[in-house]
Amino acid sequence: MNNQPAAEWRTLPLILANLLALLLLLSWLVEPTRSLWQALDEQLFWAMNRSLNWGVAWQRLWAIANNRVFDLVAAFAMLLLFAHQALLRDRARLPHYIAVGLMMFCTLLLMLAISKELPIERLSATAQFPQALRLTQLVPDIPTKDYSSDSFPGDHGLVLLLCAGFALAYLPRVHGLLALLLMVIFTLPRLMSGAHWVTDEIVGALSIGLIALSWLFATPLHRRLLDWFEQRLVDRLWQSLGFS
């Protein structure tokens, strides 16, 4: 059975999600909690960075995981969850899942654009610490992302979080849980390379994701948007292809 979100206002989850997002951001921006977040960032970064001394195989593993082509693996893994439900378990409602995919894609583009406009600039760990080990130097034959001049929020983590949110909303629970697991797995490489701090993800990406997902799924907005995509785009496309 599909886990379809209710098309009504759910005031308490909406308030709690936005309050948590606000508290996360404030705790990261102001003292005394900002120093605690910074200490956590640096300790975790150096622990992961020093692990790159474990050997060539370990270095090459993370270099591959931080190659841009590997991002397609993450995208394919998330897409596979939706395709499994749409094509194998609920094929009669394929247009519905196409509409969900279109809405998710538009949401990702919008939230990435918004995240880029945040008035916060932050160097990645590898940019802040020149003495840090760099995958681009350790494994020069594999193009790798291990540096960012503006790492906050973690755009990679934000995209994965939003995809997981849609999976939890529209797919069976097991698919949603798998999406959360994939989110963690595919976010880890950017942390290992030093292209993002941990708080770029658990503060930046999570706070923005909470706001976006709560306003979508704790209000009737998702139902109205999905109806529009289904009626204005997918249904017309389906009819033009000769399907009833």
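Analyst: A crossing is left-handed if the near helix is turned anticlockwise from the far one by less than a right angle, and right-handed if clockwise; helices are DSSP runs (H or I, at least four residues) numbered from the N terminus, as are strands (E, at least two). The model is predicted, so local features need pLDDT of at least 70 and side-chain atom pairs pLDDT 80 or more, while totals for chains, interfaces and linings use all residues. Residues are numbered from 1 along each chain as its sequence is written, and side-chain values use heavy atoms, without hydrogens and water.

User: What is the handedness of the crossing where helix 4 passes helix 5?

Analyst: The axes of helix 4 (residues 68-89) and helix 5 come within 9 Å and cross at roughly 160° (axes are lines fitted to C-alpha atoms, for helices over the stretch in contact; angles run from 0 to 180 degrees between N-to-C directions). The two helices are therefore roughly antiparallel (over 145 degrees; under 35 is roughly parallel, 65 to 115 roughly perpendicular, the rest oblique). Phe82, Gln85, Ala86 and Leu87 of helix 4 meet Leu94, Tyr97, Val100 and Met104 of helix 5 (contact means heavy atoms within 4.5 Å). Helix 4 passes helix 5 in a crossing that is left-handed.

User: How many nonpolar, polar and charged residues are in the contact of helix 4 with helix 9?

Analyst: Helix 4 and helix 9 (residues 173-193) pack at about 175° with axes 10 Å apart, and are therefore roughly antiparallel. Among the contacting residues are Arg68, Asp71 and Arg89 of helix 4 and His175, Phe186 and Arg190 of helix 9. Ala, Val, Leu, Ile, Met, Phe, Trp, Tyr, Cys and Pro count as nonpolar, Asp, Glu, Lys and Arg as charged, and the others, Gly among them, as polar. By class, the contact has 11 nonpolar, 3 polar and 4 charged residues.

User: Is the crossing of helix 5 past helix 8 left-handed or right-handed?

Analyst: Helix 5 (residues 94-116) and helix 8 (residues 155-170) pack at about 150°, their axes 10 Å apart, which makes helix 5 roughly antiparallel to helix 8. Among the residues that meet are Met104, Leu108 and Lys116 in helix 5 and Asp155, Val159 and Phe166 in helix 8; by class the contact has 13 nonpolar, 3 polar and 2 charged residues. The crossing of helix 5 past helix 8 is right-handed.

User: What is the volume of the largest pocket?

Analyst: The lining has 35 residues, and Ala75, Phe105, Leu108, Val159 and Cys163 lie nearest the centre of the pocket. Helix 4, helix 5 and helix 8 are the elements that give two or more residues to this lining. By class, the lining has 22 nonpolar, 6 polar and 7 charged residues. On a 1 Å grid over the protein atoms alone, a pocket is an open set of points where a 1.4 Å probe fits, with protein on both sides within 12 Å along at least five of seven lines, and lining residues have an atom within 4 Å of a point; with points joined across faces, edges and corners, and volume taken as the space filled by probe spheres set on them, the largest pocket has a volume of about 850 Å³.

User: Which loop holds Pro153?

Analyst: The peptide bond from Phe152 to Pro153 is cis, with omega near -5°. Pro153 lies in the loop between helix 7 (135-138) and helix 8.
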